[in-house]
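Please examine the sequence and the model shown here before reading on.

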Amino acid sequence: MFRSVSLLSKLRSRLGQQPSLKDSVRWLQIQSSSSDLDLRSQLEELIPEQQERLKKLKAEHGKVQLGNITVDMVLGGMRGMTGLLWQTSLLDPDEGIRFRGLSIPECQKVLPAAKPEGEPLPEGLLWLLLTGKVPSKEQVDALSKELRSRAVIPDFVYKAIDALPVTAHPMTQFATGVMALQVHSEFQKAYEKGIHKSKYWEPTYEDSLNLIARVPLVAAYVYRRIYKDGQVIPLDDSLDYGANFSHMLGFDSPKMLELMRLYVTIHSDHEGGNVSAHTGHLVASALSDPYLSFAAALNGLAGPLHGLANQEVLIWIKSVVDECGENITVDQLKEYVWKTLKGGKVVPGFGHGVLRKTDPRYTCQREFALKHLPDDPLFQLVSKLYEVVPPILTELGKVKNPWPNVDAHSGVLLNHFGLTEARYFTVLFGVSRSIGICSQLIWDRALGLPLERPKSVTMEWLENYCKKAA
Ligand SMILES: CC(C)(COP(=O)(O)OP(=O)(O)OC[C@H]1O[C@@H](n2cnc3c(N)ncnc32)[C@H](O)[C@@H]1OP(=O)(O)O)[C@@H](O)C(=O)NCCC(=O)NCCS
């Protein structure tokens, strides 16, 4: 499996040279162009061989050790502990994320776009995450169409959101809408009817595709309800996933459509251990359906150390401008950063639990800004922060990664194109995450992954254990 991506590397090594990625992918696309345009049929073919692969791995290497667990790891939020299987993406501390083996710049090169040299279409990434294969434009178009046909929201979902005060945080309204969508869970229905476990992945697939198709509508409803007097914009049958989301929010400029395609693609997945992905996976391991699992994931994403950081960044940047003006000097900026730290707060958008270099999701957004909005004053401030913050965080002596992450940049791009409401930003992140989390949930069920249940211990247990070990 994941034939195409591994084929790509085999192809490279066989030729003993580095053929351009574009050429290799074109070759792969020719291979796949005659195949079915239906994503589900593709999965049906892939699942048996992956089940065999997992069985073999377990039988042949089940007892191989992957490292030692230290007391620091137990007390330190399990940092560095390898403990999860997550097929769709892998995070390297220095290189950043790879989706099925492809880095962000590679995805930008090889995934189909809406226009020549354009940003990747998120549907293409969904296809890649689920199958490990780079899809053709025809396959992506077919998936776009399928997602549009699944994008139907029962009225009670809107009513559930309307029951909340309009002042409720957008993430609360969004997660409530996702919970209401659960009423139509195919998995729950099938389970109640007594479905055989070998078939679990099928209703999980249906729920996941429905969920991915529907969350932009729920998210756009929340935005229009809070900020645009409830004037809802319907889905446009001619637009792709990212463009449609932007359109339903009320932003139709071609550059904003491109930004949204890029945004959704790069925010979709970040391996399995981050709070939202891990939560989704954990909850789903109890055979909770994708809606229940994804709503739980969203509640984790809503925390300020995780997804909410994108809101915090723009609010923080705007507070810098309010206090010091747009033409802030480097010295003033340093002073402001120190003031934040001395106030016992984090500098939002910097640091990471795994990454140890500048986040490539930050870098590609910076490139987008350099291309489309180089003179934007807030972008220039973000660029200044890139110079000022890392040395200060390094000086603190305890921060493991002083470099900017994805959230340091996204807000100023959205703000530039008129999406200025920072409190809403995490909802955009949430919509994107549906693609990564649901792709893995389908594989969780296809591979029959078990209930997640790590061992916990008390301080007393640890003290006694360490005494004995000394
Ligand atoms: C992302 C984050 C939660 C990772 O946490 P972590 O893995 O525990 O990070 P570290 O091991 O480097 O933390 C060590 C210390 O440095 C601090 N630190 C890390 N990043 C910091 C930042 N951006 N500003 C100030 N202090 C920071 C931590 O709070 C911790 O302090 P403590 O020992 O007093 O509790 C952390 O870097 C952070 O809070 N960043 C700001 C929020 C953010 O941007 N989140 C989005 C992440 S994609």
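The model is predicted, and its local features are reported where pLDDT is at least 70.

On the backbone side, a polar atom of Val347 lies 2.9 Å from a nitrogen atom of the ligand. Side chains also take part: an N or O atom in the side chain of Lys400 is 2.8 Å from an oxygen atom of the ligand, and for the side chain of Asn405 the corresponding distance to a ligand oxygen is 3.0 Å. On its own the ligand has 850 Å² of accessible area, of which the protein covers 75%.

The next topic is charge pairing within the protein. Side chains of opposite charge can pair when their charged atoms come close. In this model the count of salt bridges comes to 20. Which residues are linked in a network of salt bridges? The network joins Arg40, Glu44, Glu146, Arg150, Lys199, Glu202 and Glu206.

Other salt bridges may be considered pair by pair. Helix 8, which spans residues 155-162, holds both Asp155 and Lys159. These two residues are four positions apart, about one turn of the helix, and they form a salt bridge in which the closest N and O atoms are 3.6 Å apart. Are the two partners buried or exposed? Asp155 counts as partly exposed because its relative accessibility is 49%, whereas Lys159 is exposed, with a relative accessible area of 55%. The cut-off that separates the two classes is 50%.

A second pair within a helix has another setting. In helix 13 (residues 254-267), Arg261 and Glu258 are three residues apart, so about one helical turn separates them. Their side chains meet in a salt bridge with an N to O distance of 2.6 Å. Arg261 counts as buried because its relative accessibility is 7%, and Glu258 is likewise buried, with a relative accessible area of 5%. Both values fall under the 20% limit by which a residue is called buried.

A further salt bridge connects the side chains of Asp359 and Arg361, with 2.7 Å from N to O. Asp359 and Arg361 are both buried.

Attention now turns to the surface. Ile69, Val71, Val74 and Leu75 form a nonpolar patch there, and together they have about 360 Å² of accessible area. Within this group, Val71 belongs to helix 4, which covers residues 71-75. Its relative accessible area is 34%, and Val71 is therefore partly exposed.

The last stop is helix 21, made up of residues 425-446, in which Ile442 lies. Is Ile442 buried or exposed? With a relative accessibility of 1%, Ile442 counts as buried. Along the chain, Ile442 and Ala297 are 145 residues apart, and their C-alpha atoms are separated by 15 Å.

Conventions:
Residues numbered from 1 in each chain as written. Predicted model: local features only at pLDDT ≥ 70, side-chain atom pairs only at ≥ 80, totals over all residues. Heavy atoms only, no water. Polar contact = N/O pair within 3.5 Å; in protein donor to acceptor, adjacent residues only side chain to side chain. Areas by Shrake-Rupley, 256 points an atom, 1.4 Å probe, with all protein chains shown as cover. Patch = residues over 30% accessible without salt bridge, like charges linked within 9 Å, V, L, I, M, F, W, Y side chains within 5 Å. Salt bridge = Lys/Arg side-chain N within 4 Å of Asp/Glu carboxyl O. Buried < 20%, exposed > 50% of the residue type's maximum accessible area, 1.4 Å probe, protein only.
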